[in-house]
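This briefing sets out the architecture, surface, aromatic pairs and selected residues of one protein model. The sequence and structure come first, and the description follows.

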Amino acid sequence: MLLLERADHPGYWQSVTGSREAGETLLETAIREVREETGLDAIRHELTDWQAQNVYEIYPHWRHRYPPGTIHNTEHVFGLQLPHPLPIQLAPKEHLNFQWLSWHDAAETVFSPSNRTAILELSERVHRKV
C-alpha cells in the first residue's frame, strides 16, 4: 500500500485523495489525482471503481476548502493495483513523504477511518480474486 504524508498536516498519512473538477467523471478524477499526487499513470495499471462511497464529516480545520456551511463530504473508492512498488513523484504542495507498507501496517497508520476501512476491505477483495 502506498501512503502519502499530508503537507498541510505532517504526521497525517493517507492514500491518494482529491476532488472532482467540473465536467469530470469519477474515473477521470481518479486518474488525474493519481497522476498529480504520485506521478503514476493509472491507465497503465489496473484501476477499479469499487462502486463504494462514504459520507463523512469534514474535519473542522479543512472546512474552509468547501462552500460555506458544508460539513459533510462524499468520497468514492477506487483501487489501483500495481505490479510492485514503483517510484513516486510527490506533489510538494500536497505531500511531504510517501511510504510503501503492508495492508495491515497501512490500516494502522492512516488517520482517516474511511481510509482504514477501504484498506481492510482491500485484503478481502484480493482474497476473493484468488
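Helices (H or I, at least four residues) and strands (E, at least two) are DSSP runs, numbered from the N terminus. By this definition H95 belongs to strand β5, residues 95-100. The model is predicted: local features need pLDDT of at least 70, side-chain atom pairs count only at pLDDT 80 or more, and totals for chains, interfaces and linings use all residues. Residues are numbered from 1 along each chain as its sequence is written, and side-chain values use heavy atoms, with hydrogens and water left out.

**Overall architecture**

- The protein contains 3 helices and 5 strands, and their order along the sequence is β-β-α-β-β-β-α-α.
- For 130 residues, a compact globule would have a radius of gyration near 14 Å, and the protein agrees with this at 14 Å. The radius is taken over C-alpha atoms, and the globule rule is 2.2 Å times the number of residues to the power 0.38.
- The C-alpha trace spans about 45 × 30 × 25 Å along its principal axes.
- Contact means heavy atoms within 4.5 Å. Of the contacts with a separation of 6 or more, 57% join residues 24 or more positions apart.

**Burial, surface and charge**

- Buried means under 20% relative accessible area, exposed over 50%, and partly exposed in between (1.4 Å probe, protein chains only). Buried residues account for 30% of the 130 residues.
- The protein exposes about 8,300 Å², of which carbon and sulfur atoms supply 54%. These areas come from the Shrake-Rupley method with a 1.4 Å probe; for residues, only the protein chains shown count as cover.
- The 12 positive and 18 negative charges have mean positions 1 Å apart. Lys and Arg count as positive and Asp and Glu as negative, while His and the chain ends are not counted. Each charge is placed at NZ of Lys, CZ of Arg, CG of Asp or CD of Glu.

**Aromatic pairs**

- The structure holds 5 aromatic pairs. Rings of Phe, Tyr and Trp (its six-membered ring) pair if their centres lie within 6.5 Å; planes under 30 degrees apart count as stacked, over 60 as edge-to-face and the rest as tilted.
- The pair Y12 and F111 is tilted, because the ring centres are 4.5 Å apart and the planes stand at 40°. This pair links distant parts of the chain, 99 residues apart: Y12 lies in the loop between β1 (2-6) and β2 (13-14), and F111 in the loop between α2 (103-109) and α3 (113-129).
- Y12 is partly exposed, with a relative accessible area of 24%.
- The rings of Y59 and W62 have centres 5.7 Å apart and planes at 75°, so this pair is edge-to-face. W62 is buried at 8% relative accessible area, whereas Y59 is partly exposed at 30%.
- Y12, Y59, W62 and F111 form one aromatic cluster.

- H95 is buried, with a relative accessible area of 4%. Beyond residues up to four places away in sequence, H95 touches L4, E5, R6, A7, Q14, E37 and L90.
- T38 lies in helix α1, residues 26-38, and is buried at 2% relative accessibility.
- Leaving aside neighbours within four places in sequence, T38 contacts L2, L4, V16, P87, I88 and Q89. T38 and V16 are 22 residues apart in sequence, with a C-alpha to C-alpha distance of 8.1 Å.

**Exposed and partly exposed residues**

- Q51 lies in strand β3, residues 46-57, and is exposed, with a relative accessible area of 67%. The phi angle of Q51 is near 55°, a positive value in a residue other than glycine.
- T17 is found in the loop between β2 and α1 and is partly exposed at 34% relative accessible area. Apart from neighbours within four places in sequence, T17 is in contact with R6, E33 and E37. The C-alpha atoms of T17 and I43, 26 residues apart in sequence, are 17 Å apart in space.
- R116 is located in helix α3 and is partly exposed, with a relative accessible area of 30%. Excluding neighbours within four places in sequence, R116 contacts A107 and V110.
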